[in-house]
Amino acid sequence: MDQLNREITMSDAATGSTLFEEGDPADGVAAILEGTVEVVKQGRTLATLGPGSVLGELSLFVPAATRTATARANSPVRMIKWRADDVRGRLARHERLATAIVADLSFVLAERLDRRTQDVVSLLRAAGTRLPVSELERYRSRAAE
């Protein structure tokens with residue numbers, strides 16, 4: 001635990017504060033300990049995350065990634081943060097932590113894939129009907145996110 005405490009940064013955010021903006025460098029990953037975080041893209045709320053959720057997982061896989069959405073604190077938030085350039089080494093040293101993070105990431109990615117699959121199915125169904133162009137555009141923009 002002492003080594004882990006030296007490797008993490010605890011971070012607190014006030015209600016309404018922006019944790020990161022879409023387009024910022026994806027410089028690390030964080031796990032929410034307390035509070036809730038709203039994930040927003042182009043003014044649309046994609047998710048509200050709470051304790052146990054991970055933010056910034058893309059930085060684990062794509063070193064030069066940028067943030068794909070904006071994250072804002074819905075309440076006072078307390079997080080554990082790891083720098084992206086150091087995460088892989090830390091996970092190698094902490095097997096239980098690595099297992100927990102990979103399990104959570106697998107769930108998050110599977111859920112996102114399922115949502116996108118449902119969006120594509122809805123779009124295909126809509127394309128075969130006589131929906132107004134505005135309705136087709138709504139499906140297209142949602143699928144693009």
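Trainee: What makes Asp119 and Arg116 a salt bridge?

Mentor: Their side chains meet at 2.7 Å, N to O, and the cut-off for a salt bridge is within 4 Å, so the pair qualifies. Keep in mind that we are looking at a predicted model. Asp119 and Arg116 are three residues apart in helix 4, which means about one helical turn separates them.

Trainee: Why is Asp119 called buried?

Mentor: Its relative accessibility is 4%, and buried means under 20%, so Asp119 counts as buried.

Trainee: How do you know whether Asp12 is buried or exposed?

Mentor: Set its 55% relative accessibility against the rule that exposed means over 50%, and Asp12 is therefore exposed. Arg78, at 29%, is partly exposed.

Trainee: What about Arg67 and Asp27, and what makes them a salt bridge?

Mentor: The closest N and O atoms are 3.0 Å apart, and within 4 Å is what the definition asks, so they form one. Here too distant parts of the chain are linked: Arg67 is in the loop between helix 2 and strand 7, Asp27 is in the loop between strand 2 and strand 3, and they are 40 residues apart. Arg67 is buried at 9%, whereas Asp27 is exposed at 53%.

Trainee: How do you know that strand 1 and strand 8 pair?

Mentor: Five bridges join them, running antiparallel, and at least two bridges are needed, so they count as paired. For example, Ala13 has Val77 of strand 8 as its bridge partner. Strand 3 and strand 8 also pair in the antiparallel sense, over six bridges; there Val29 partners Trp82, and Gly28 stands opposite Arg83.

Trainee: Why are strand 1 and strand 6 called edge strands?

Mentor: The open sheet has four strands in the order 1-8-3-6, with antiparallel pairing. Strand 1 and strand 6 each pair on one side only, and that is what the name refers to.

Trainee: What makes the phi of Gln42 worth a look?

Mentor: Most residues other than glycine have a negative phi. Gln42 is not a glycine, yet its phi is near 50 degrees, a positive value. Gln42 lies in the loop between strand 4 and strand 5, and with 67% relative accessible area against a limit of over 50%, Gln42 is therefore exposed.

Trainee: Which residues make the nonpolar surface patch, and how do you know that Leu58 can belong to it?

Mentor: Leu58, Phe61, Val62 and Leu109 make it, covering about 340 Å². Patch residues need over 30% relative accessible area, and Leu58 has 36%, so Leu58 passes that part of the test. Leu58 is in helix 2.

Trainee: Which element gives the most to the lining of the largest pocket?

Mentor: Helix 4 does, with eight residues. In total 32 residues line the largest pocket, and Val39, Leu46, Glu57, Thr68 and Arg112 lie nearest its centre. About 810 Å³ of space lies inside.

Conventions:
Residues are numbered from 1 along each chain as its sequence is written. This is a predicted model: local features need pLDDT of at least 70, side-chain atom pairs count only at pLDDT 80 or more; totals for chains, interfaces and linings use all residues. Side-chain values use heavy atoms; hydrogens and water are left out. Patches are made of residues with over 30% relative accessible area and no salt bridge: like charges are joined within 9 Å, nonpolar side chains (Val, Leu, Ile, Met, Phe, Trp, Tyr) within 5 Å. Accessible areas come from the Shrake-Rupley method with a 1.4 Å probe; for residues, only the protein chains shown count as cover. Helices (H or I, at least four residues) and strands (E, at least two) are DSSP runs, numbered from the N terminus. Buried means under 20% relative accessible area, exposed over 50%, partly exposed in between (1.4 Å probe, protein chains only). On a 1 Å grid over the protein atoms alone, a cavity is a set of points where a 1.4 Å probe fits but cannot get out, and a pocket is an open set with protein on both sides within 12 Å along at least five of seven lines; lining residues have an atom within 4 Å of a point. Grid points are joined across faces, edges and corners, and a volume is the space filled by probe spheres set on the points.
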